[in-house]
Structures are given as structure tokens and as C-alpha cells.
Amino acid sequence: MPSAVAPPPRELSTTPPPVEVPRALAPPPGLHLVPKVCCLCGVEDADPIGVGEDFEYRTSSDTFLAVRCRRCGLIYLNPQPADEEMGRIYPDHYHAFDFKPEEFGFVYRVRRRLEARRALKWCHDLPADARILDVGCGDGFHLRLLKEFGKPGWSLEGVDTDPRAVAHARAAGLTVHHGNIQELPLPADHYHLALMVMTVEHMTDPVGVLRTVRRVLKPGGKVVLVTDNAGSPDFWLFRGRHWGGYHFPRHPQLFTKSTLRKLADVSGFETERIVTPFSPVNWAYSVRNLLDDWGAPRWLVNRFTLKSTPAMAAFTLFDLPLSLVGCGAILRATFRKPAEETRGGA
Ligand SMILES: [Zn+2]
């Protein structure tokens with residue numbers, strides 16, 4: 001009897017049945033994103049400068065917006081992934097956790113020697129019993145270099161927030177504190193040198209971290225900070241979408257020489273020196289992201305990664321002259337905690 005059957009609700013009668021998307025093809029859901037202000041100025045007064053996706057790990061289907069603060073020039077993501085998304089945007093196969101030296105072969109050996117020379121230079125004026133803290137030490141790459149090539153009396157410690165990285169470093173016999181440095185009970189005025197190598201760009205609160213680093217350093221102690229250069233030619237060429245340094249969405253802030261100086265100021269440090277060493281990495285990943293975005297075949301996309309010796313060699317030769325004229329792809333800053341304690345930074 002037709003009257004016994006209720007007509008379907010209107011929305012069901014006009015909407016086609018949902019299409020079953022196979023699990024493997026369904027895009028990952030969006031991240032929880034939160035609005036941000038410039039961490040150096042404390043206000044939101046910025047222009048859009050780049051839009052992109054997580055080209056490398058595809059941890060979400062989100063589009064991310066990089067903006068440039070009108071007041072100080074800091075580049076930052078707005079909005080940024082919320083704290084609870086860290087486990088997702090840093091998957092288990094993230095290169096810093098899942099690093100297999102044998103896969104990187106020649107590039108790894110060259111990088112290790114180069115980094116050992118660089119790290120020893122940062123430490124050349126330290127006493128024989130110096131205390132060194134690596135903030136964001138990852139799997140302990142630089143601590144292991146200092147242990148192997150540095151003075152035997154040096155005391156080496158690391159800090160990292162990721163349990164997987166900490167487990168790797170501890171397995172190698174290193175002393176690593178697990179957690180956010182701002183919440184760890186580290187002693188004040190204790191360390192001679194702090195290292196922050198390719199970590200500040202990953203931090204959601206770099207000013208808070210640096211103020212804590214300042215607290216734990218001895219008066220006159222230094223921090224050596226290495227980060228991507230958002231004032232370099234590779235940035236200006238690829239800034240609209242594919243720049244490797246964006247590393248969407250894992251680099252919430254990106255610095256230039258002038259914004260690094262401002263970071264030192266607001267954190268209570270004196271800037272001693274800022275230089276621009278060469279690096280092939282952002283050049284290679286900018287090309288990689290562009291090819292990936294344009295749908296190039298995988299074999300070609302994969303020619304432009306850290307694992308590719310020809311790409312690393314070619315872009316090193318390319319960036320070397322740029323670094324000599326102060327436009328290299330990365331920044332290295334030395335900040336000093338004032339020898340005479342002044343109020344306001346800690
Ligand atoms: Zn600003």
C-alpha cells in the first residue's frame with residue numbers, strides 16, 4: 001500500500017548517495033590549526049607571501065599560508081598546526097627520526113666531516129671542562145661529533161621534545177633531557193655554549209626558548225644558532241609556493257639576518273655575528289616540490305632529495321659563490337649573553 005510508506009525526507013531524496021572512497025585514496029583529514037601573531041612584535045600585521053602544502057610527507061590535505069610581518073619582516077605560518085598535531089606532522093618516517101646513514105652514503109660522510117669541522121670551530125675558545133647544551137638535539141648528530149672529535153673533558157648534554165629522537169640519542173650513550181626546555185629544571189648560569197642547529201624554525205615559541213637558553217647560560221656564554229635563510233635568492237625565487245625552507249607545515253617561523261637580530265634583542269642577547277654559509281638543501285627541495293606539484297614522475301622528483309649525491313653536489317657549487325657574497329642559503333648567528341647581568345631578558 002503506497003500510503004504505508006512514508007516519503008523519504010527531502011534532503012535524502014535530492015542528495016545523491018555518498019560515494020564510497022576507498023581508504024587508500026581518501027585524503028587525510030585537515031589539521032587543527034590555530035591563528036598566530038608575529039612572535040617578535042606580538043601583533044598580527046602581516047601580508048601573505050606564500051601558499052603551499054606538505055609536499056614532502058603529505059601528512060594532511062591542508063593548504064598553508066606563509067605571511068610576512070609588516071613591522072619586522074618575520075616570515076611565519078598563520079594559522080599554525082595546534083600543539084596536539086605534532087605527532088601527526090612529524091610522522092615516524094620523518095628523516096630526523098628514521099635516519100639511516102647507509103641510505104645517504106657519500107652525502108652522509110661528506111656532511112659528517114663538514115659538520116664536524118664547523119662544530120669544532122664554534123667550540124674553539126671553550127675551556128677543557130666546558131659544558132655544552134644542544135637544544136633540539138634530535139638523534140644527537142652534533143653531540144656525537146663533539147664526543148668523537150672534541151676535547152675529552154667537555155660535558156655534553158642535549159634536549160629534545162620528541163621521545164623517538166631522545167630514544168635514538170640515549171641508545172648512542174648520550175645524556176639527553178626529554179621535554180620542552182622551558183619546563184625542564186636545568187640549572188641557571190651553568191653552560192658555556194648552547195647549540196641550536198636547524199631547530200629554531202621548528203619552534204612555536206622561539207622567544208620563550210631563547211630566554212630560557214639565556215637563563216641557563218653562564219654570563220658571557222654563547223648560543224650558536226643555524227637556520228634557513230628567508231633572505232636568500234632561493235627564497236625569493238620560490239617563495240610563492242615551492243621554497244624548500246617552508247617545509248610546510250613544520251617551520252612555523254623563518255628568519256632573515258635582520259629578524260635574527262631582533263630575536264636576539266627581544267630574548268636579551270647581544271648579536272655577535274651573523275653569516276650565511278652555503279647549503280644545497282633548500283635549492284634541491286624547492287625544485288623537488290615544484291616537480292612534485294606539477295605531477296612529474298616519481299623517479300625525477302626523487303632526484304632532488306638529501307639522498308641524491310648529484311643534486312647535493314650541483315647545488316653546493318651553485319650556493320657556494322652566493323655564500324661568499326653574504327647570500328648563502330642558511331644563516332648562522334652567534335648570540336652572547338651579556339657578561340654583566342642586565343634586567344629584562346630572563
Ligand atoms: Zn613582527
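Reply: Arginine 70 counts as partly exposed because 13 C-beta neighbours lie inside 10 Å. By the criterion used, a residue is buried with 20 or more other C-beta atoms within 10 Å of its own, exposed with 12 or fewer, and partly exposed in between, with C-beta atoms placed from the backbone. This is a predicted model: local features need pLDDT of at least 70, side-chain atom pairs count only at pLDDT 80 or more, and totals for chains, interfaces and linings use all residues. Residues are numbered from 1 along each chain as its sequence is written.

Me: Where is arginine 70 found, and with which residues is it in contact beyond its neighbours within four places in sequence?

Reply: Contact requires C-beta atoms, placed from the backbone, within 7 Å. Arginine 70 is in contact with Asp45, Ala46 and Asp47, leaving aside neighbours within four places. Arginine 70 belongs to the loop between strand 3 (64-69) and strand 4 (75-77); strands are DSSP runs (E, at least two residues), numbered from the N terminus.

Me: Which strands pair with strand 13?

Reply: Strands pair if DSSP finds at least two bridges between them. Strand 10 (residues 217-228) pairs antiparallel with strand 13 (residues 330-336) over 7 bridges, and aspartate 228 stands opposite isoleucine 330. Strand 12 (residues 270-275) is also antiparallel to strand 13, through 5 bridges, with glutamate 270 opposite arginine 336.

Me: How many residues has the largest nonpolar core?

Reply: A nonpolar core joins buried Ala, Val, Leu, Ile, Met, Phe, Trp, Tyr and Cys residues through C-beta atoms within 7 Å. The largest has 73 residues, and Val135, Ala194 and Ala284 have the most contacts inside it. Strand 9 (residues 191-197) gives the most to this core, with 6 residues.

Key
Helix = DSSP H or I, 4+ residues; strand = E, 2+ residues; numbered from the N terminus. Contact = placed C-beta atoms within 7 Å.
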